[in-house]
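Subject: Handover of a structure and its findings

Dear colleague,

Please find below the structure that I am handing over to you. I would ask you to look through it first and then to read the notes that follow.

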Amino acid sequence: MKLLELLKDGNFEKVYIFDDTVDIKNGYIGDLLSEIMRNAPAESVWLTHQTHPNIIAVASIVEINTIIVPEGFEFESETIKKAKENNINLLKSKCNIFKAAGIIYTKLKEE
């Protein structure tokens, strides 16, 4: 699925988009950075409540191309700056993390 597909229905809002044509092949949910580094698959979207700049470093290491914060959370300004430097897409959603994951999962399964 292309990231562009997630932006069509209004459940996800752009914060910073490096490339909306990147492929999303999987997803992972978690707030513990070591868990993300150990288990998150590459070319995935990461749903987290974490908004600090360290999430960009973790995403870069495991080749996550998109980070989404749910429930109206906002990324710190330094995180957005680091995302631009590392070509990581940032989205936010007003949905809770369970609903956001369900939307993404459904779209991935439709392909």
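Helices (H or I, at least four residues) and strands (E, at least two) are DSSP runs, numbered from the N terminus. By that rule, the protein chain contains five helices and five strands, and their order from the N terminus is α-β-β-α-β-α-β-α-β-α.

Please note that this is a predicted model, in which local features need pLDDT of at least 70 and side-chain atom pairs count only at pLDDT 80 or more, while totals for chains, interfaces and linings use all residues. Residues are numbered from 1 along each chain as its sequence is written, and side-chain values use heavy atoms, with hydrogens and water left out.

As to overall form, the radius of gyration is taken over C-alpha atoms, and the globule rule is 2.2 Å times the number of residues to the power 0.38. For 111 residues, a compact globule would have a value near 13 Å, and the 12 Å of the protein chain agrees with this. The C-alpha atoms fill a box of roughly 30 × 25 × 25 Å along the principal axes.

A residue is called buried under 20% relative accessible area, exposed over 50%, and partly exposed in between (1.4 Å probe, protein chains only). Of the 111 residues, 41% count as buried. One of the buried residues is T79, with a relative accessible area of 0%. T79 lies in helix 4 (residues 77-86). Leaving aside residues up to four places away in sequence, T79 touches T51, H52, P53, I55, I56 and L90, where contact means heavy atoms within 4.5 Å.

The structure holds seven salt bridges, a salt bridge being a side-chain nitrogen of Lys or Arg within 4 Å of a carboxyl oxygen of Asp or Glu. In one of them, K107 meets D9 at 3.5 Å, N to O. K107 lies in helix 5 (residues 97-110) and D9 in the loop between helix 1 (3-6) and strand 1 (13-16), so the pair ties together parts that are 98 residues apart in sequence. K107 is buried at 18% relative accessibility, whereas D9 is partly exposed at 37%.

Another salt bridge joins K92 and E13 at 3.8 Å, N to O. This pair also links distant parts of the chain, with K92 in strand 5 (residues 89-92) and E13 in strand 1, 79 residues apart. E13, E74 and K92 are linked in a network of salt bridges.

Yours sincerely
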